[in-house]
Amino acid sequence: MIGLLKKDLFILWQAYRKNLALILILYTGFAVATGASFWVVMFTWVFGFYVIGGLSIDNYVKWDLYACGLPVRKNQIVGSKFILIFLSLLSSFILSVLICILLTLVQHQPFGEMLLSCFYTSCICLAYFGIMLALSYQFGPEKARGSMILVLLAFFALVMLAAKLGLLDGLENTAVTRWLQSSAAPVIVGLVLLVVCGGIYLICWAAATKIYSKKEF
Amino acid sequence: MNTAIHVKGLCKQYNDFGLNQVDLIVPTGTIVGFVGENGAGKTTTLKAILGAIHPDSGTIQVLGNSILTPAEKAQIGVVFEDSFFYETLTAKQINTIMASIQPNWDSTEFFRLIQGFQLPTQKTIKDMSKGMRMKIRLATALAHHPKLLILDEATNGLDPVVRGEVLDFLRDYIQNETNSVLISSHITSDLEKIADSIAYIHQGRMLFQMDTVTLLEHYGIVRCSESQLAQIPQSIKVATRKNSITCETLVSDAAQVRQILPDAAIDRASIDEIMQFYAGRDKL
């Protein structure tokens, strides 16, 4: 498992280190210049997409066939990708927190609010990339990426349509939205997100392992 | 005799192609050359041996085991023509990775092989020549001292000098009589030099597996007239090419034909020619 992680880290570092340096400078610059913490949470998405990009590289070199001749189990091959996603999201979260501290010091932005944004994004990314990985093992990374974008676009289009049709009117007066404005809500929402997204991630991990075990190369 | 690989009755059906009752034996301490046309089923058979595809039926035993666990796979070295690490890695990085994957990985042996093959340690794979890329694959397949080496088209595209080096290496590799090699290749002249036996697969069927010396001694190409051809028993005639003057027939028992037709010209058949006759047989 460690060897598989090393392999991916070497390849990803070689492939994306210049991009990483560029977006680190660019996004931090944008965040400091505009005061928008939105740029900080972008790291998490980018890091995740890089790891998914590693699957395309594996396909290109027919790594899965080569791995059949190595003393590794199929669940270790899948497991290493899921661990890598987790580690990349964790490291991007730590990086985001450091930039949030910088923003707080330089621009006196509310640290707690930014921290929660980063945490929420990391949780959502955990579920998103978990689903992406499982779909990638089923349909291939290119098809999975395309279909996930379509699903997200359809979701946001539906929300916008619902808002246009007035179906979301009055939501601000419901008990739930009133509770969401309470001081305890952000932390509880964060915990619920962690449990739900973590659950989705683990389910996707198990599903991907099952899909991969039946695959032929 | 112990066997490193024993495939029996292997069947695998795809929409447009299938392996049909494939039998293959790699005795311990020998090199088996696996030949066949493009798409004949060589790589599919090798994939089945490694568990990369699930056979419909048949049995496969590798180093005495029907299911390959990581412990058994640690005793196998594999070289595929187009499947390896991504090309941005260096030999040094491959060593670091494999040291964590292969329990018996021997870094000293790896760098000894790298040095022996005159490969750079800091150069990425993409900056290496085709011959160097194949050598690094071989070094990676051998640095954990495997008992069995499976090579799929490992010498294709290499110049004669590099191919010669690889063949010399394989000869040395089996000298201890416990190591075995299964090598698929289109370069049959190489296999004639190093393989102890030749297995020929054609359209998903194993036509024969024979000791190389016996194969080259038994098979022959007879050039004779049609009336002489009629005297050769049907059972030893593999295929015939006819033109206006003579018939060229591949026979599986040249000695028997020599007795029947002492005046006929009988030439030694190379593996290439044997394959061409077998392949041509379907077109007749």
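Reply: A search of the whole structure turns up 31 aromatic pairs over all chains. Rings of Phe, Tyr and Trp (its six-membered ring) pair if their centres lie within 6.5 Å; planes under 30 degrees apart are stacked, over 60 edge-to-face, and the rest tilted. This is a predicted model, where local features need pLDDT of at least 70, side-chain atom pairs count only at pLDDT 80 or more, and totals for chains, interfaces and linings use all residues. Residues are numbered from 1 along each chain as its sequence is written, chains are lettered from A and ligands numbered from 1 in the order written, and side-chain values use heavy atoms, leaving out hydrogens and water.

Me: What describes a pair of aromatic rings?
Reply: The distance of the centres and the angle of the planes. Take A:Tyr60 and B:Tyr86: they are edge-to-face, 6.2 Å centre to centre with 75° between the planes. This pair crosses between chains, from helix α2 (residues 38-60) of chain A to the loop between β5 (76-79) and α3 (91-101) of chain B. Helices (H or I, at least four residues) and strands (E, at least two) are DSSP runs, numbered from the N terminus.

Me: Is A:Tyr60 buried or exposed?
Reply: A:Tyr60 is exposed, at 56% relative accessible area, while B:Tyr86 is buried at 17%. Buried means under 20%, exposed over 50%, partly exposed in between (1.4 Å probe, protein chains only).

Me: Which residues do ring pairs link into a cluster?
Reply: A:Tyr27, A:Phe30, A:Trp39 and A:Phe43.
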